Amino acid sequence: MLTEANSPQPSVHGPLGQARSGRLSAVGCWLSALFGMPNYPRYIAHQHRCHPGAPVLSEKEFVLAELERKHAGGAGRCC
Amino acid sequence: MPRLITALFSLVAAAGWGMLALHRGETVSAAWLVLAAIGTYLVAYRLYARFLADKVFALDPRRATPAERFENGRDYVPTGRFVLFGHHFAAIAGAGPLVGPVLAAQFGWLPGTLWIIIGVVLAGAVQDFTILVGSTRRDGKSLGQIAKEEIGPVTGTLAMVAVLSIMVVLLASLALVVVNALRDSPWGVFTIGCTIPIAVLMGLWMTKWRPGKTGEATLIGVVLLIAALIGGRYIASSELLAPYFSLSAMTLAWSLIAYGFTASVLPVWMLLAPRDYLSTFVKIGTVLLLAAGILFVLPDLKLPAVTRFIDGSGPIFAGKLFPFCFITIACGAISGFHALVASGTTPKMLRRETDAPFIGYGGMLMESFVAVMAMCAAAVLDPGVYFAINVPMGALGGSLEAASQTIQGWGFAVTPDQLTTLAASMGESTIVGRTGGAPSLAVGMAQIFSGATGAHLAGLWYHFAILFEALFILTTIDAGTRVGRFMIQELGGRLWAPFARTSWYPASIIASALAAAGWGWLLIQTVLDPAGGIGSLWPLFGISNQLLATVALAVGTTLIIKSGKGRYAWVTLAPLVWVVSITFTAGYQKIFAADPRLGMLAHARRAAEQVAAGTLDATVGARQIFNDRFNSALCALFLTVAAALIVSAVTQWIQIYRKRVPVTSTETAFVETAYAD
């Protein structure tokens, strides 16, 4: 767990490493959303906006928790 | 202007259907089939999906969706409609729409194609769309929760047991497809085997070495996958290495069971999640590639439009056109499993209600299109080759010469030389009797693609097709075993609470072992049984999947009636009546038909007589008898549970109709969206 003081800022790279702005970044965002990949910047942005001051997960913790949640129940994949 | 576009699409559809109708008795280009399908989809989307959206569901762009109201940056995330379309499609599509049409091609390409196109427009896409809207208006609740709240809690546990047993049949059928495709195929085994270390590497990359870089890991995985595909050719042609990768059906079956168990116990980042990304990438890529291939090469359909096997004498699976064509197509026209996705991740990501027709109805049209392409890939084969691949070796006579004689007896010419040459060009020792649908789809695809790239690449294309089918199926097997494990833990937790703790290793190991043993046992029995095969397991899967669709349609009808739109209830009621009639007829025939090729109890009786007469080995006979009775019981269980759910739904409709029960909407109250557009 990180505290508010040392938590990362929202403008970090996305899952496809889209640190640069522009078209490449847009394609990266699009693809990672299509694949349903864990999106850390989006999570951080959400925490900052809706739960300011609350502790946030580190990127590694977040990714592990997301992968676990995505595959925990229900029918993720069909026939 | 919109009317002009609709008229244009209607013309496209009419041109396609017209050309198909005029070309009776001669070969016809696959282009017309593709055109008929696309034209029909576009007209249906513009007219029928619009009608459902406006009149039946009254979708409202001002109404906030669960994704907006519960946005949490994780599962509730408002998502653009094109991204969500891809996401939803990747979740609903798998091996089902590819395998089903290939098997149903035994009736010729026409009956299956008609059902794939008409069925999706009036039934499958309606089901997915209805459940998506129903779930979105109920905070993204699952089909199970909705059924429990709308129809009654009595059937809650029963429904869960039914879904679990349907899953067992599904996983066993799909695993059998992989076993048949990879048996004695060093190239295939090497390539598929490589996906396991590749997945582990990807998992380490995205969680340990470069946390969060799932995209990077997927790119690396895809590159390694292509390397494994190309490398497989050298393994297969190496006299030293090939024997190590040439596995028997039994070894493969046990390996799959071990794999399913391991993937269910291990943390998901290690195996399951990375393979899922790899599979999604390959899935979307392959669908686009197949469409491009068919449109670029425009091959001729060589299979007859209708074969004589519509009378029920088909060698691939038993049963007449009605109901077994509809059962065999399975996922391409309507699939109950989609209702689980449409009430799972997708409703939590829908940005606006008015995106639902595109995602729910449109996504299913896309799946149907995949099924049409699979049908094309089967129908471009010479009929003789198609039957040589898909009929079990036992029924073909045991040798190449006997096989070609048998097939000529059915009226399709094929020579032993032709089959040997074809197998060699695919990089395999033999393709005869490679049942299960995947190999013949792969040969068809290889023929289509090598029409564009040259014949020397046929082997590579064949193994590419096998690779992606096996990849889809293994993704279903590992995810399915894990879902089964969670269900068993939940059910077990009702008897002894600690068993439900998912992080407790003993419970998760026992539940995973039970889940893997369930489908694994069915798989092993089918592999051991000389009379068994995809022809006995796939219809059972088709029946169970469509029974789930009847439950989804019954729930959908209830939702429409309760929203006060009872006069439009026919949109789900009509497909419900049709799907009930095909599933219950098929289920009844599978259990009770007097023909031992079709009826499982009659088959058991014949085995008992053969054992008594000394013409059948007693051990083999006992196994056949047990399998037949067990599968009959399973089938009867599915029918009973579905019937119970439908009867309780119908009772409720009648009470509402007679005004004994007031019509009360169970939708979440309207909240206005904060989005500007």
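User: In which helix of chain B is the place of B:Q418?

Analyst: Residues are numbered from 1 along each chain as its sequence is written, while chains are lettered from A and ligands numbered from 1 in the order in which they are written. Helices are DSSP runs of H or I with at least four residues, and strands are runs of E with at least two, numbered from the N terminus. The run that holds B:Q418 covers residues 416-425 and is helix 20 of chain B.

User: Is B:Q418 buried, partly exposed or exposed?

Analyst: A residue is buried if 20 or more other C-beta atoms, placed from the backbone, lie within 10 Å of its own, exposed if 12 or fewer do, and partly exposed in between. Because 16 other C-beta atoms lie within 10 Å, B:Q418 is partly exposed.

User: How many residues does chain B give to the contact with chain A?

Analyst: Two residues are in contact if their C-beta atoms, placed from the backbone, lie within 7 Å. Chain A gives 34 residues, and the number for chain B is 47.

User: Which element has the largest share of the side of chain A that touches chain B?

Analyst: Helix 1 (23-35), helix 2 (40-50) and helix 3 (59-70) of chain A each give two or more residues to that side. Eight residues, the largest share, come from helix 3 of chain A.

User: At what angle do the axes of helix 1 of chain A and helix 4 of chain B cross?

Analyst: Axes are lines fitted to C-alpha atoms, for helices over the stretch in contact, and angles run from 0 to 180 degrees between N-to-C directions. A:W30, A:A33 and A:L34 of helix 1 of chain A meet B:V83, B:G86 and B:H87 of helix 4 of chain B. The two axes come within 8 Å, and the crossing angle is roughly 35 degrees.

User: Over which residues of chain A does pLDDT stay under 50?

Analyst: The mean pLDDT of chain A is 72, and 63% of its residues reach 70 or more. Where pLDDT is low, the predicted coordinates should not be read in detail. The stretch under 50, for which the model has 18 contacts beyond four places in sequence, is residues 1-13 of chain A.

Key. Predicted model: local features only at pLDDT ≥ 70, side-chain atom pairs only at ≥ 80, totals over all residues. pLDDT = per-residue confidence, 0-100.
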